[in-house]
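This briefing is intended to be read beside the sequence and the three-dimensional structure. Please have both at hand.

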Amino acid sequence: MHLVHFAATRALASSAVFLFITVLLMATAKRISTCIVLFSAQCAIITAEILAMAYVHRSSEAYAVAALVLIVKVLAIPYALFRIVKDLQAPGDITASTTAAQSVFIAAGLILLSFFAVEPYSETLRVDTGMLAAAIALVLSGAFLMVSRKKALAQVIGLLVLENGIFLAALTTTFGMPLVVEIGIFFDLLMGVFLMGLFVFRIRDTFEHLDVSKLRRLRG
Amino acid sequence: MTLLFPLLVPLLGAATVLVCRRPAVAVRVALAFGALEVLAIGNAVWRIRAAGVLPAGRYLRADGLTSFFLINTGLIFALVLAYSVGYLRHIPAGRFSSPRWFYGLMFLFLFTIMAVYLSSNLGLLWIFVEATTLASALLVGFYNTEGAVEAGWKYLIVCTVGIAFALFGTIVLYLAAVRGGVDPRSALDWAVLMSAAPNLRGAQDLLKLAFVFVAIGYGTKIGFVPMHSWLPDAHAEAPSPISAMLSAVLLNCALYALLRFDAITSRAIGSGFSHTLLLIFGALSVVVAGFLMIVQRDLKRLLAYSSIEHMGIAALGIGLGGAFGLYGALLHAFNHSIAKSLLFFTAGHVRENFGTLRMERIRGMGRALPWASAALVIGSLAIVGLPPFGLFVSEFLILTEAFSQARYAVAVLLLAALSVVFGALLYHFQRMLAGDPESAPASPRVPAADFAVMGVCAACLLVLGMRIPSAFSSVLRAAMAVLQ
């Protein structure tokens, strides 16, 4: 039993590192499908984190949340995104406005920045600095992915990463929200991805491309 | 049960309308469910008036503030529904642009808005505000043209990201409440938070952080500058009845969410911080939107920027607080929703007859469409805040509060912005109204239903401008009492 407990606490402590790795890899990824796999991996890390937390704090609600994350974020959303990529039959590159090297440097900078940002709070909140920094880093890099990627689907993935960050922040600071609220948020997320998928098809059908940076008829 | 009806009716309505394949049947079913919904809302308002606070189960609750916004939503929804019957006749049929999709999505949209007003839990409130975006995004993109798809995509992405910030703010508030000793199971319940607020003074930093994120998040949905980028596109590209719903119902719904958070923050750490933030957002919105109105070319974009400006005025009223500030702000939100609906309904007629909303291509509207022109003139006189219309009273109240608090900077800024807006609207509309029409209008007659709808709008504005009925005034005072 001690061994499992020890493993759970180690998993909690080291998961931040794995999350940083997914952030950096996502910054270099050139294809949508790579981004989807990385997103799925990121959610799997978060699932493991929730499981460890559920074990350490003996919370049955947390097991339910872990199951939800596993079903919705690790499996359902990536599956839906893969289906969209396949049905679109469009080139699967993300067309970034920064080069891969620049993106990595920016992502690394954002990770450093988030460590500085959480420094004053981690003392008073009595939470693990690494975890909270990982949450903020996910929020920031999600926002960065959204502004620097031109393809509609890549922006959706940026949004999902941003949402992951907010979810992780809730998890580290409050051990999650009440279960009803969590379920509602997951439902919104699922519907949101569904609708964005629908709009991606509409954009392709009306504009015959997926480069949202070229959608600029409406101005002023 | 009283509170369940206004939620169940639109859900059932959406489900029923979606299975009606024949357009004429779908319209009739929608009207029937709409009438039922208005009755359900009326019943809820009546019960709240008698009971003061109406709790229902763990997750539903209604009080004076809810009641005020329910009246607003019920009135505008009834008007929009009546107007949409005539409007839908000239929508080209497409795969998703049929009456059943229009009404089905509109009922879903209404359901999410009612759920925002009736949920007692701030987490659920967030979930349903996000759901309003999801339910209305397809309505914004209803025409499926290039512009509509672009506006729908922008609306979906900008609002989802904005609202994500509000979720973060909600989580931080939850964190502050749990650290302050509130039971985690009820730490998102608004009434519980409100009574526990004085004990949360210790968590001042967290509460401030929470309010900043919530103000940015829900502010995106309200359309505060600089988070307003989605608003003109969505309002301009959506069908006119939906533009009216967005401007008159959705923006107020987001304002309601922000008011709930403002009340908790003000009670816990004093109103200084949150109200200053609202004053900043309000002033920015009023000034920037006012100047952008001068350069607009599209009628509905012009009206959309005017919505941003008026939401800014409401934010200024809330930020000033005091005896008249909040009263004026609530009254202003209500007045604005009626005047803006009237103007969007008129814009629908303009588009039908001139085939465009580009204002430089519209000439001689006064001769071609006398009745629609009358509505445009009444609506624009009301929206710039001239007496004897309701917006004059509410703007005057807010200005009075600014002067009585000796906040001359706010008062002068508001007056200056109002004069810019006045000039901009006068310039645009006199060019549209004057002159000879280039071609004969397609259907100059205003259908009886639309005539009645616009008449009701004008009558409400006039009544609220002359004297606020005592029953309505007591609703407003009950709404204010909830927040203090």
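**Briefing on chain B**

Helix 4 of chain B is mostly covered, as 19 of its 20 residues are buried. A residue is termed buried if 20 or more other C-beta atoms lie within 10 Å of its own, exposed if 12 or fewer do, and partly exposed in between, with C-beta atoms placed from the backbone. The model is predicted: local features need pLDDT of at least 70 and side-chain atom pairs count only at pLDDT 80 or more, whereas totals for chains, interfaces and linings use all residues. Residues are numbered from 1 along each chain as its sequence is written, while chains are lettered from A and ligands numbered from 1 in the order in which they are written.

**Helix 4**

- Helix 4 of chain B covers residues 99-118; helices (H or I, at least four residues) and strands (E, at least two) are DSSP runs, numbered from the N terminus.
- From its first C-alpha to its last, helix 4 of chain B reaches 28 Å, close to the 28 Å expected at 1.5 Å a residue. The expected span is 1.5 Å times one less than the number of residues in the helix.

**The side of chain B that touches chain A**

- In total, 31 residues of chain B are in contact with 29 residues of chain A, a contact being a pair of residues whose C-beta atoms, placed from the backbone, lie within 7 Å.
- On the chain B side, the elements that give two or more residues are helix 5 (122-140) and helix 6 (146-179).
- Helix 6 of chain B supplies the largest share of that side, with 18 residues.
- By class, the side of chain B that touches chain A has 20 nonpolar, six polar and five charged residues. Here Ala, Val, Leu, Ile, Met, Phe, Trp, Tyr, Cys and Pro count as nonpolar, Asp, Glu, Lys and Arg as charged, and the others, Gly among them, as polar.

**Two buried helix residues**

- Ala304(B) is part of helix 12 (residues 299-320) of chain B and counts as buried because it has 31 C-beta neighbours inside 10 Å.
- Leaving aside residues up to four places away in sequence, Ala304(B) touches Leu231(B), Pro232(B), His235(B) and Ala236(B).
- Gly348(B) belongs to helix 13 (residues 322-354) of chain B and is buried, since 24 other C-beta atoms lie within 10 Å.
- With residues up to four places away in sequence again not counted, Gly348(B) touches Tyr87(B) and Ser240(B).

**Cis peptide bonds**

- The peptide bond from Val225(B) to Pro226(B) is cis, with omega near 10 degrees. Pro226(B) sits in the loop between helix 8 (204-222) and helix 9 (230-237) of chain B.
- Pro387(B) and Pro388(B) are also joined by a cis peptide bond, with omega about 5 degrees. Pro388(B) is located in the loop between helix 15 (370-383) and helix 16 (390-404) of chain B.

- Asn144(B), although not a glycine, has a positive phi of about 60 degrees. Asn144(B) occupies the loop between helix 5 and helix 6 of chain B and is partly exposed, because 18 other C-beta atoms lie within 10 Å.
- Ala406(B), a residue other than glycine, has a positive phi near 60 degrees. Ala406(B) falls in the loop between helix 16 and helix 17 (408-433) of chain B and counts as exposed, because it has 9 C-beta neighbours inside 10 Å.
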